[in-house]
Amino acid sequence: VTTGGARPRLVRTVDEQGAPVPSALLFVTSSEVALPEVGRRTDAAGKTVVLLRAGRYRLRAGAPGLEGTVDVVLDDAAPETLTVVLRAAGRGSPAGR
Amino acid sequence: MERKLESVSSPKRSGGHAGALESAVHVRPQWRTKGNRGRRPSDLGRAADRLLRRGAGSDGALESVIGVDDRTRIFETDQYPWRMICALRIEGKAPDGSPVGYIGTGWLAGPRTVVTAGHCVYGAEMGGFATRIEVIPGLDGDARPFGSVFSDVLRTTNRWIEGSEQDFDYGAIQLSQPIGDDLGWFATASPPDEQVVNKGVRVSGYPGDKPSPWSQAAGTEQWFHTNPVVRATPRRLFYTVDTYGGQSGAPVYLAQAEGESIDPVVVGVHAYGAEATVAGLANSAPRIAPDVFQVIKGWIEEFAPAPPTERVAVRS
């Protein structure tokens, strides 16, 4: 499936032990591409699908008490699955306050 | 001081349909819709700006909050005009059949019509049209002052469906209940460049980073910000208003200056986070161009019986 050059990427939200974090809110931003300003909920298995083309992105996710941010650069060789590790909010994350 | 907006009607100052007969002799022009304050009389005489509270700053690290976070929380979401802005809980199915969910924003444009971004009602990621959308007017944390309504019919443009064209990324949620009769609805207009460029616009909606992304209440508070339109094309508006994920579909409406009393008039549908423009980093909206106006007007009329003014005018 491609849409305007974008490819589907599976995004997983997990905790520090690698366990899925369900119903996390995911935000995808980019300084290069105008992206829809929705918040995405991961499913019961901590997964969602985002259509992204090659470029630089920030994925920020949050769930009650947890947060995580990852910056990624995607090209055609980039993996189809992206993972955001959520840690205790306000600790050990670039976006934590 | 009244601002002159050529494509906008005088707002209705009384509640509900009161006063409708006095305007029955006027033929409604085709290029504007008329806002409706709804039936709740408690709004009258209240200055919306007094209802605002200053928000705390954020890290500003994400690009759609441009520079310092200047957003302001709305506490009185059961009041006009904030109650006409709705949190959206969107459900769909990914191409593999697994459930997907999104949060967004919409705004009442008619008795049964909530306008939002096209990608809130249709997208490849959600396998086409959303399977269900819960519309929550005036949501404020745990409080749902007007309950919620589920989508009945969804609408968007062919150019969004077929080509994912950002300029045509707008849509509508048609409701089974005419909640706009009680809550009111926004006027919509397609004013020329000189009436929007360098003018202040407001974007008010439900950002997912408030009160924090890691809060159970994320996306349940209404926040707004005002800043100028820095660039306009025939189909897009670019502005430095701070926004965040979850505000897709929010109304971009002309802001009142100090002392002005005009009602809000929507000129765009917020849809995209920051991108570089010739005027700098800016968030953007499909613009209510004249043809967009006609499409939205058609959606409103599709699901709304003609108001009393028009019925009387037709009989005469």
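Let me start with a strand pairing: β3 of chain A, residues 39-41, is joined to β4(B) by 3 bridges, and the two run antiparallel. Two strands count as paired if DSSP finds at least two bridges between them. Strands here are DSSP runs of E, at least two residues, and helices are runs of H or I, at least four, numbered from the N terminus. Within this pairing, Gly39(A) has Ile103(B) in β4(B) as its bridge partner.

Some housekeeping. This is a predicted model, where local features need pLDDT of at least 70 and side-chain atom pairs pLDDT 80 or more, while totals for chains, interfaces and linings use all residues. Residues are numbered from 1 along each chain as its sequence is written, chains are lettered from A and ligands numbered from 1 in the order written, and side-chain values use heavy atoms, without hydrogens and water.

Now the whole interface. In contact, meaning heavy atoms within 4.5 Å, are 37 residues of chain B and 31 residues of chain A. The buried area is about 2900 Å², with 56% from carbon and sulfur atoms; that is accessible area (1.4 Å probe) lost when the two parts are put together, summed over both.

How many salt bridges cross the interface of chain B and chain A? The rule finds 1, and it asks for a side-chain nitrogen of Lys or Arg within 4 Å of a carboxyl oxygen of Asp or Glu. The side chains involved are Glu125(B) and Arg40(A), at 2.4 Å, N to O.

On chain B, the side touching chain A takes at least two residues from each of β4 (99-108), α1 (118-121) and β17 (272-277). β4(B) gives the most, 5 residues.
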